[in-house]
Amino acid sequence: MVDLAKITEPLSLTRFGPRPRGPLVLELDLTEGVADEAPGDPISQIMNRRRQHYLDIVEGIRRGARDPEVAALLVRVDARSLGFAKVQELRDCVADFRAAGKTAVAWADSFGETGEGNLPYYLSCAFSRVVMAPTGVLGLTGLMMRVTFLKGALDKLGVSYEVGRRHEYKNALNSVTETGFTEAQREASGRIVSSLGDQLVEAVSEARGLPEEKVRELVSRGPFMPKEALDAGLVDGLAYRDEVYADLLGEVRSEADGAGDGSGPEPSLQFVTRYHRKHTPAPRPRVAGGPGYIALISATGAISLGRTRRSPLGGGTVMGSDTVTAAFRAARKDPQVKAVVFRVDSQGGSPTASDAIRRESELTSRAGIPVVSAMGDIAGSGGYYVTLGSDAVVAQPGTLTGSIGVITGKPVLGGLLERFGVTSDSVSTGEHAGMFDTRKPFTESEWERVNALLDEIYEDFTGKVAEARKMTREQVHEVARGRVWTGRDAKERGLVDELGGLETAVRLAREKAGAGPLPLRAFPRAHPLDRIRQHESSEDMAASQPQTVLGAWGPLQHAAVAMGLPAAGPLTMPDLWDIR
């Protein structure tokens, strides 16, 4: 029989209203790769629309820590596109998330099946729980820096290199002038690996509740099979993806179910970058007398004169001095900009371009707008030079910085060409017209000019460091000579002011501005029409926008790259860092 009472029972409108919104679980898949920053031109934006941007990840996690609707964080860990400093900044973000009383779970199919599992595991140790697949491998094996030396092969080809440097630690071209580590290179490289290794051990010890001596013993025994990793206390569980997700979502559902009858709303998943973009307010029109904001000026890649150039495929970036200096000038003109955070991730390049950027940063500080430099994975040589105009410098303990020195040179290909019967002839005016001709070595007179150039650049560089860091030239020379330091060691030697990442730099900028909790905004924000409209003058910010092309040796650029010289220019660090 039909129950008429049920038919005539008043309908509850809540059945037809919006479903209760469940707690949010932020999700991040680092195996997809991470782009350092968003490309500026429309074509590159389309081609890279699926790529996650590092700053979106960092700010998204920090935003989630403060959002009561966000209950947990679930990250599939990988570190192939991240260096030590970026991993440390992500660790800081996860620590903030956990400090808010929220669960953060790291999982991986494997922490380096063929080795190289140190960085992803180091990142995972910042989480509440670490889970690995039942068939994975935990590649906690310690760090190694490897440099490949080509001199032996070049000798067989009849190719030699003429190299001048200031001083013994400036080893950017050792791979083509030596067959192994020099004493200075071994000393500096050993210290870098030791410093980073200590940071890895300390993090594992703290996270897993193990004495440091025990962790060092475990590192020497790795890699670990799944049960070995579990028994050693290095992971909290072994589970497949579906089990990891089901466990965390079930845990979040239980915590949200106040009635305890399973009637609570289902938790939902959302990628961190998607969450951040949905909650980031659109830029508001400038309002005179408003509270203002902190401008974030990012500068990544090799440093060169001209405009910033980016690959349309999301590859390498060249930091153009015209683009970066224009950003500083625009910041000085904008009444809403109360401070600048200058984010640098560069192994260096052109000394002239580096000095131009340093100058504009210094002028911005003099104008009453504090500038705080925040170093990324690498900020050495020219990448260190550009920070010298700021009011404070922040680096992560694992940042590679310093490299205060200079190097230049050229390959000598005459023997190789003669072997294959290649000949040439030339006419010229001036004794040094063929100074950088790759067919012959430098003459004694040319070496005099090369050495004068090296001395001038080194003296100017170290003089500016001494002035900026309030050190004597002797003190600077002691920590300079081309030597690379980790951020931790650089802090101890007075080359940086504080250890930390973007959050630390923002805090310092707010303190120096004395204007309260100002928001951080990427600067400048270009209008799409800026690329096609005519520009009024070189003071027009749009005239210095980044280009989508891919260059610091001037007319010798292509030859320098082809012959193995550092493409970035004389103020550069080695680009063969392989620390795993």
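A: We will go from the cores to the rings, and then on to the strands. A short note first: this is a predicted model, in which local features need pLDDT of at least 70 and side-chain atom pairs count only at pLDDT 80 or more, whereas totals for chains, interfaces and linings use all residues. Residues are numbered from 1 along each chain as its sequence is written, and side-chain values use heavy atoms, with hydrogens and water left out.

The largest nonpolar core has 75 residues, of which Ile61, Leu73, Tyr121, Phe127, Leu138, Leu234 and Val341 touch the most other members. Such a core is a set of buried Ala, Val, Leu, Ile, Met, Phe, Trp, Tyr and Cys residues joined through side-chain atoms within 4.5 Å; buried means under 20% relative accessible area, exposed over 50%, and partly exposed in between, with a 1.4 Å probe and protein chains only. Helix H8 (residues 183–208) gives the most to this core, namely seven residues. Helices (H or I, at least four residues) and strands (E, at least two) are DSSP runs, numbered from the N terminus. Leaving aside residues up to four places away in sequence, Ile61 touches Leu28, Leu73, Leu90, Cys93, Val94, Phe97 and Val272 (contact: heavy atoms within 4.5 Å). A second, separate core holds 48 residues, including Ile369, Phe442, Ile457 and Phe523.

Now to the rings. There are eight aromatic pairs in the structure, where rings of Phe, Tyr and Trp (its six-membered ring) pair if their centres lie within 6.5 Å, and planes under 30 degrees apart count as stacked, over 60 as edge-to-face and the rest as tilted. Phe149 and Phe181 are edge-to-face, because their planes stand at 90°, with ring centres 5.9 Å apart. Phe149 sits in the loop between S6 and helix H6 (151–157) and Phe181 in the loop between helix H7 (174–177) and H8, so this pair ties together parts 32 residues apart in sequence. Phe181 counts as partly exposed, at 25% relative accessibility. The pair of Phe328 and Phe342 is edge-to-face too, with centres 5.1 Å apart and planes at 75°.

Over the ring of Phe442 sits the charged end of Lys410, 4.5 Å from the centre; the test is NZ of Lys or CZ of Arg within 6 Å of the ring centre and within 35 degrees of the ring normal. Likewise, Arg241 lies over the face of Tyr245, at 3.9 Å from the ring centre.

As for the strands, six of them make an open sheet in the order S8-S6-S5-S4-S1-S9, with parallel pairing (two strands pair if DSSP finds at least two bridges between them). S8 (237–238) and S9 (268–271) each have a single partner strand, so one side of each is left without a neighbour in the sheet. Four bridges join S5 (residues 103–108) to S6 (residues 129–132), with Trp107 opposite Val131. Elsewhere, S17 (residues 392–395) points Ala392 and Val394 one way and Val393 and Ala395 the other, all buried. Three bridges join S17 to the parallel strand S16 (residues 371–380), where Val372 stands opposite Ala392.
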